[in-house]
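Thanks, everyone. I'll keep this brief. Please have the structure up on your screens.

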Amino acid sequence: MKLKNMKAAVLLTALSAASGQALAGCPTKGVKELTGTGATFPYPLYSKMFSEYDKTCGVKVNYQSIGSGGGIRQLQEQTVDFGASDGVMDEKQKAQAKGGAVLHIPTVAGAEAIVFNVAGIKRGQLKLTPEVLAEIYLKKISNWNDPKIKALNPGVKFPDLTIAVVHRSDGSGTTFIFTNYLSKVSSEWKDKVGFATSVNWPGDVGGKGNEGVANSVKQIPGAIGYVELAYAQQNKMDWAQLQNKAKKFLDPTLEGASAAADIANLPDDMEIVITDSSNPAAYPISGFTWLLIYENETDPAKADAVAQLASWMITDGQKFAAPLDYAPLKGVAQKKAMALVKKIKANGALVMK
Amino acid sequence: MARDSEATLDAMDRTLAGVKPVSARRQLVNLGDRVFYIIAKSLALLVIVLALLLVADLFRGASEAIRQFGLKFLVGTTWDPVTRQFSTLPTVIGTLVKGFIALLLAVPVSIGSAIFITFYTPRWLRPVISYPIELLAGIPSIIFGMWGLFAMVPVVRVIQIWLKAHFGWFFLFDGPAVYGVGVLSGSIILFIMITPIITAISKEILLTVPREQIEGMLALGSTKWEAIWKVALPYARIGLFGAVALGLGRAIGETMAVTMVGGNSFDLIHSLFDPVHSMASQIASEFSEATYSLYVSSLIYVGLVLFGITILISLLAQFLIWKTSKGKLALLD
């Protein structure tokens, strides 16, 4: 029965393709292949999306997750049809883009969990404020029995245990979002360290990738670290509740990340890091990941294909996000992302109506 | 370049032609010779040209950082992508310290097992022992890294905590023992990785020691130990040096496994337990997310420094070989 349905669906797809009738979100000008490079964070989602896109539209999208920096460089050199990044391009990078203005189209949001390893304290039992988190990462609070931590967590018994601060040692969008958050909530962090894909950490241990950080936190008694939510969830790690801008303590969740992106005053260009979001339901360490596409393409067929792909990703493609632990775009965020896609032009003429 | 070799060939031919007239048959032989000569020479030149191109490209890529930081890059201790300050002393030290500790552990083990396989193992048993060692040499480093992170580091942590508790007064053991990842873990994983290589090469080299020499020594009444120590090892020393240098080369250039257990900090190390980056792992870790050109250029500069260190080590090895050979010759005189 199920198989029959699937066969029928395939047949239908084949028929509509053969009759030249375009499906919604599919390229209309015969492009069969697109290439993109960039961020590693959305890679699991993108590979799922692109394989589904191939099934629906018969367009193969080759995506290489070489990192946001690499994605930006390749886009600047126009060697790919689109780039992908976990960070916003700065003015200098934009100036070096050979194809002119670059659109930042958000596809999904993600959240980062603050994970820790203190015997006897479980997931969600530890509450942290942004100030305390910043002081821990600045190495100003160095023991779990510090009065500031105790004051936030009445009823929790903290051992006399040195805090080992764990961070990513590889350059990553995860670090960018985390340090961006610390810079927003702590002026001292902003002055002393700042934010980037890799920073000059006050301490202690660097782990390679989410797995490196997660494993160091799991192994070192007293450790604290930050990993992508999906990673913390799949590895059943203990995470802290973090206080958001509205003074609410929240677990890291997809809903919290979606909420962080769903704020009224999103800029139209969507070039915003949504850490420390003002939405009362927002989990504060959240961030977008973007597609980078030239606003004005020179090849009309390619322009159409890229625009169709982007619009499919932020509409139909969104249903693949949550099962893979990415936060889908909602409300204003989705509308503004769509408005950006509609700005894509081919030699000055809009490609989507 | 091609014209160059042509010119040399022509010159050679002229010299040959000047010596004596060439018969038709001889010319035919010469044609084959010439082709082979050209092929061999171009291949050799190709390697040199590739190496030079690599250096040139490293210089080109690093030029922005070289202009910006100059030689201060080598002595500074800050690596800060936010303020755009880059220098590499802590990672250079981290790389060298880990490499040399690994070597210190690996050399006795490798040469010892090579001696055992060569001189104490019956011929039929040799492959049984040496095959697994060679197999180890072929394991990709990510496997060592994973194993190191999940299996070795917890054990090292226990050892470090014990060492700190009992010998914490000694500066080498006065560090953050509880991390587990750091200089010691990095060194041990490198030791495990380079031992099979040094062993495999040393074994092949020891097998080339003429049997007669050892038998002669035994006939003179020496013990087996004396025959190995006084004949086999001196005979094979140049090759063994080479094996060790190769091992050190791998230790210095190793990326993935050290990244996973090294702790990857940019601070200067003060003890065996401090976390520290290696140069190769630093480049691999940061390259993909290096978002501006000075950042990329500084990473390439690190690569250039690494290349320089590799060359220095190889020169040092050459020098040591030359020195020991000379010493022996003097002794014979």
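Start with A:Lys184. It counts as partly exposed, because 18 C-beta neighbours lie inside 10 Å. The cut-off for buried is 20 or more, and for exposed 12 or fewer, so 18 falls in between. Keep in mind that this is a predicted model.

Where does A:Lys184 sit? It is in helix 7 of chain A, residues 173-185. Now its surroundings. Leaving out neighbours within four places in sequence, A:Lys184 contacts A:Thr275 and A:Asp276. Then there is A:Pro130. Along the chain, A:Pro130 and A:Lys184 are 54 residues apart, yet their C-alpha atoms are separated by 9.4 Å.

Next, the sheet in chain A. Three strands form an open sheet, in the order 5-9-10, with mixed pairing. Strand 5, residues 127-128, and strand 10, residues 249-250, stand at the edges. Each has a single partner strand, so one side of each is left without a neighbour in the sheet.

Last, the interface. How many residues of chain B are in contact with chain A? The count is 27, and they meet 31 residues of chain A. On the chain B side, strand 1 (79-80), helix 6 (141-167), helix 10 (256-261) and helix 11 (279-287) each supply at least two residues. Helix 6 of chain B gives the most, with 3 residues. By class, that side of chain B has 15 nonpolar, 9 polar and 3 charged residues.

Technical notes: Residues are numbered from 1 along each chain as its sequence is written. Chains are lettered from A and ligands numbered from 1 in the order in which they are written. This is a predicted model: local features need pLDDT of at least 70, side-chain atom pairs count only at pLDDT 80 or more; totals for chains, interfaces and linings use all residues. Two strands pair if DSSP finds at least two bridges between them. Helices (H or I, at least four residues) and strands (E, at least two) are DSSP runs, numbered from the N terminus. Two residues are in contact if their C-beta atoms, placed from the backbone, lie within 7 Å. Ala, Val, Leu, Ile, Met, Phe, Trp, Tyr, Cys and Pro count as nonpolar, Asp, Glu, Lys and Arg as charged, and the others, Gly among them, as polar.
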